[in-house]
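The following note sets out points for a colleague who is examining this model. Each point is meant to be read beside the coordinates.

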Amino acid sequence: MNETLAREAAPLLKGVPTVSRPPLPPFTEETARLKVQMAEDAWNSKDPERCAAAYTEDSWWRNRSEFFTGREAIKAFLTRKWAKEHEYRLKKRLFAFHGNRISVCFEYEYHDDAGQWWRAYGNENWTFDERGLMARREASINDVPIAESDRQFK
């Protein structure tokens, strides 16, 4: 995996029409890891436009108990999410991949408006179209309250 390449490519992809979003499926271990790193970098930017550009126009999402479809809904969701999850920091890791699918495990930390710190643990299943855009995202996430001194991602 080339994390430097993922970081260098991210600014170049911002605002570019989503004709294709390399790497494209079918994924190898290297390209799956690159896709995961690109997703982590995008989410850590906390830029809903940048994140939503990685999804198809009609992408289907399940995030915890919320279900929605489409890039505009994704942008709205992420805007709400990051308005209440302060100092958000995410780490993703590849769990499995096959063909046009990738599964990841992740952790992220944030604090709420009251100052309570949280660590979220989760799993995501991603399905990509032939252009490398994510057509489906299913996320299961659990939050655990933590003390600020217990933070891992500072």
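**Notes on the predicted model**

1. The chain exposes about 8,100 Å², of which carbon and sulfur atoms supply 52%. The model is a predicted one. Of its 154 residues, 49% count as buried.

2. The secondary structure comprises 4 helices and 6 strands. Along the sequence these elements follow the pattern α-α-α-β-β-α-β-β-β-β. Among contacts in the chain with a separation of 6 or more, 57% are accounted for by residues 24 or more positions apart.

3. The largest nonpolar core has 29 residues; those that touch the most other members are Trp43, Trp61, Ile74, Leu78, Ile102, Tyr108 and Trp126. At least two residues of this core come from each of helix 2, helix 3, strand 1, helix 4, strand 3, strand 4, strand 5 and strand 6. Tryptophan 61 may be inspected in detail: leaving aside its neighbours within four places in sequence, this residue is in contact with Trp43, Tyr55, Glu66, Phe67, Phe68, Ile74, Phe77, Leu78 and Arg137.

4. Which residues of helix 4 are buried? They are Arg71, Ile74, Lys75, Phe77, Leu78, Lys81 and Trp82. Seen down the axis of helix 4, these buried residues fall within an arc of 165°, and they therefore line one face of the helix. An α-helix has 3.6 residues a turn, so residues three or four places apart point the same way. On the other side of helix 4, Glu72 and Lys84 are exposed. The cover over the buried residues of helix 4 includes helix 2 (29-45), helix 3 (48-52), strand 1 (55-63), strand 2 (66-69), strand 3 (86-98) and strand 4 (101-111).

5. The length of helix 4 can be checked as well. Its 14 residues (71-84) should span 20 Å at 1.5 Å a residue, and the end C-alpha atoms are 20 Å apart, which agrees.

6. Strand 6 (residues 134-146) pairs with strand 1 in the parallel sense over 5 bridges. Within this pairing, tyrosine 55 stands opposite methionine 134 in strand 6. Strand 5 (residues 117-128) is joined to strand 6 by 12 bridges, and these two strands run antiparallel. The hairpin of strand 5 and strand 6 has 5 residues between the strands, and there glycine 132 takes a positive phi near 85°.

7. Serine 140 lies in strand 6 and is the bridge partner of asparagine 123. Is serine 140 buried or partly exposed? It counts as partly exposed because its relative accessibility is 35%, and the buried class requires a value under 20%. Neighbours within four places left aside, serine 140 is in contact with Arg62, Phe106, Tyr121, Gly122 and Asn123.

8. Alanine 53 is placed in the loop between helix 3 and strand 1. With a relative accessible area of 14%, alanine 53 is buried, since the cut-off for that class is under 20%.

9. Some backbone values deserve a check. Most residues other than glycine have a negative phi, and most peptide bonds are trans. A cis peptide bond, with omega about 0°, joins proline 22 and proline 23. The bond from proline 25 to proline 26 is also cis, with omega near 0°. Proline 23 is found in the loop between helix 1 (3-13) and helix 2, and proline 26 lies in the loop between helix 1 and helix 2.

10. Positive phi values also occur in residues other than glycine. Lysine 46 has a phi near 55° and is located in the loop between helix 2 and helix 3. At 36% relative accessibility, lysine 46 counts as partly exposed. Glutamate 87 likewise has a positive phi, near 55°, but this residue lies in strand 3.

Definitions and conventions. Residues are numbered from 1 along each chain as its sequence is written. This is a predicted model: local features need pLDDT of at least 70, side-chain atom pairs count only at pLDDT 80 or more; totals for chains, interfaces and linings use all residues. Side-chain values use heavy atoms; hydrogens and water are left out. The expected span of a helix is 1.5 Å times one less than its number of residues. Buried means under 20% relative accessible area, exposed over 50%, partly exposed in between (1.4 Å probe, protein chains only). The arc is that of the directions from the helix axis to the C-beta atoms. Contact means heavy atoms within 4.5 Å. Two strands pair if DSSP finds at least two bridges between them. Accessible areas come from the Shrake-Rupley method with a 1.4 Å probe; for residues, only the protein chains shown count as cover. A nonpolar core is a set of buried Ala, Val, Leu, Ile, Met, Phe, Trp, Tyr and Cys residues joined through side-chain atoms within 4.5 Å.
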